[in-house]
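This report describes selected local features of the structure shown below.

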Amino acid sequence: MANQRKTSRPKTTPSLPGRKSATAAAPVRIALLGFGTVGSAVARVLAAAKLPGVELSHIFNRNIARKRSSDAAKHVPGSVVWTENFDDVLNSRADIVVELMGGLDPAERWLRKSFAAGKSVVTANKQLIAYRGAALKRLAAKHNVQLVHGAAVAGGVPVIAGVLQGLSGDQITRVSGILNGTCNYILSRMETGASYAAVLADAQALGYAEADPSADVDGFDARAKLCILSRIAMQAELDPDTVATQTISSVEAVDFAYARELKCTIRQVSRAQLDGRLVHARVAPMLVPLESPIAWSHGTQNMVVTTGRFGGDVVFSGHGAGGEPTAVAVVSDILAVAQRSVAVELPVRRRQVTGEFLAPHYLRFVVDDKPGIVAGIAGALAKVGANIDSLLQHTGHPKHRLPFVVTTEPCLTSTIEKAVAAMAKMDCMLERPLCLQILTIDDKGE
Ligand SMILES: NC(=O)c1ccc[n+]([C@@H]2O[C@H](COP(=O)([O-])OP(=O)(O)OC[C@H]3O[C@@H](n4cnc5c(N)ncnc54)[C@H](OP(=O)(O)O)[C@@H]3O)[C@@H](O)[C@H]2O)c1
């Protein structure tokens, strides 16, 4: 040991990426962009946690006086600069910009300026990260700063951090689960017989659903999260606009009764599966076997199941939305950047998307009952080579508006869609048949 030199740790901590001179004594300064549901919860969590070495320095929002006089402002230290001018943040000594405004513009422009000014960014903005995340990551690296977005998928459930830090050593071939709490609230309430319209109205009154619920119920919100997860877990870069979505708004209470008979429930499922250079991806209401973990989440809960070649299935679950759960993820990201923890990065490849899955399907018809209907349906299915597995008809419905169900053996999505298009033209059909994929228990990831 004669040649070993005794070394001691320097008293100063290494700089934050992009930070010129940070000492152990100098706190890491945080600027919040957006003081809404999540932004105000971040201020509350920071105030309650009293984290050493982290200081809220700026809050930016439009019409700032309104925010400054709100109840939420009570948690904000008096030293904080409130501003409605983004340049005040840009030209400040803030080290980390926390973007909680949402939307693509001006968020993207301001993130780019923040990087150029040597500031790292934490964001919960799923649309921005789904569409522009890869390019923004490259730009952040070019400026030697970080872009971290743990809250952009599943709110308070640390699925991004868990996958990056805990599962990067596996080869994940499938991600699936429940990525939209609003849809899960609506569908799990409908299990008890409530109508879609009534539950949606409740969800809006409780603040779970927007006045225009389309981003949630039509699948666009979950699709953005699925694309982020595909990038993180499978290194597959997908164009969100190419991922097929199906609305949950055509699911009716009667579908839950028929699903129960099939030992299933109905959930909005987001799934992406790697298949060579292709990714099979879809966001849609699906029949989920009751014994699948995906059927277990109720209310606004989120659940993600990853399937790895070596490690098998891993399940993440918890509160996927809400100010405080999401703020926990944001503050954890702030701490990670402040403490310079290095996130795992793997090369990402652009992948083509297909909406094709080989699966059994659930078809629900509402017909004006007359002889020959089942023969017509069987004929349309036979024409595309799909086989009927079962036929279910509950009593108690009027014959002039009769809902009944046919399930098929596994067939391709495009095959069943062709048959549905033909069946929709039958005279007896009072509405377009509802066609849902049925997850099989073999699809353990679901
Ligand atoms: N809420 C959740 O549960 C949740 C969960 C996960 C991720 N996220 C993500 O977190 C982000 C914030 O969501 P949130 O629910 O907190 O939204 P929010 O309540 O609407 O808050 C956004 C805030 O940003 C301000 N803002 C928006 N655009 C602005 C602009 N161009 N200039 C200045 N101020 C602007 C808004 O001001 P006004 O009050 O004037 O509109 C509002 O105070 C979004 O990206 C969202 O997708 C939210």
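Lys50 is exposed, because 7 other C-beta atoms lie within 10 Å of its own. By definition, a residue is buried if 20 or more other C-beta atoms lie within 10 Å of its own, exposed if 12 or fewer, and partly exposed in between, with C-beta atoms placed from the backbone. The structure is a predicted model, in which local features need pLDDT of at least 70 and side-chain atom pairs count only at pLDDT 80 or more, while totals for chains, interfaces and linings use all residues. Residues are numbered from 1 along each chain as its sequence is written.

**Backbone geometry**

Lys50 belongs to the loop between α1 and β2 (54-60). Helices (H or I, at least four residues) and strands (E, at least two) are DSSP runs, numbered from the N terminus. The phi of Lys50 is near 45°, a positive value in a residue other than glycine.

Arg340 also has a positive phi, near 55°, and is likewise a residue other than glycine. The loop between α13 (323-338) and β14 (349-350) holds Arg340. Arg340 counts as partly exposed because it has 16 C-beta neighbours inside 10 Å.

A cis peptide bond runs from Asp105 to Pro106, with omega near 15°. Pro106 sits in the loop between β4 (96-99) and α4 (107-116).

**Helix α10**

Helix α10 comprises the 15 residues 220-234, and at 1.5 Å a residue these should span 21 Å; the end C-alpha atoms are 20 Å apart, which agrees. The expected span is 1.5 Å times one less than the number of residues in the helix. Of the 15 residues of α10, 14 are buried, so that the helix is mostly covered. Gln235 follows α10 and has a positive phi, near 55°.

**Helix packing**

Axes are lines fitted to C-alpha atoms, for helices over the stretch in contact, and angles run from 0 to 180 degrees between N-to-C directions.

| Helix pair | Axis separation | Crossing angle |
|---|---|---|
| α7 (residues 181-190) and α8 (residues 196-205) | within 9 Å | roughly 135° |
| α5 (residues 126-142) and α10 | 8 Å | about 40° |
| α1 and α13 | 8 Å | about 65° |

The angle of about 65° between α1 and α13 makes α1 roughly perpendicular to α13. Angles under 35 degrees count as roughly parallel, over 145 as roughly antiparallel, 65 to 115 as roughly perpendicular and the rest as oblique. On this basis α7 and α8 are oblique to each other, and α5 and α10 are oblique to each other.

As to handedness, a crossing is left-handed if the near helix is turned anticlockwise from the far one by less than a right angle, and right-handed if clockwise. The crossing of α7 and α8 is right-handed, and that of α1 and α13 is right-handed, whereas α5 and α10 cross in a left-handed sense.

**Ligand shell**

Which residues come nearest to the ligand? They are Gly34, Gly36, Val38, Gly102 and Ala321, out of 21 residues around the ligand. A residue is near a molecule if its C-beta atom, placed from the backbone, lies within 6 Å of it. Helix α1 (residues 37-49) gives the most to this shell, with three residues.

The shell is made up of eight nonpolar, 11 polar and two charged residues. Ala, Val, Leu, Ile, Met, Phe, Trp, Tyr, Cys and Pro count as nonpolar, Asp, Glu, Lys and Arg as charged, and the others, Gly among them, as polar.

**Separations in sequence and space**

Asp212 is placed in the loop between α8 and α9 (214-217). Asp212 counts as exposed, having 9 C-beta neighbours inside 10 Å. From Asp212 to Gly323 there are 111 residues in sequence and 20 Å in space, C-alpha to C-alpha.

Val374 is part of helix α14 (residues 373-384). With 15 C-beta neighbours inside 10 Å, Val374 counts as partly exposed. Val374 and Ala72 are separated by 302 residues in sequence and by 60 Å in space, C-alpha to C-alpha.
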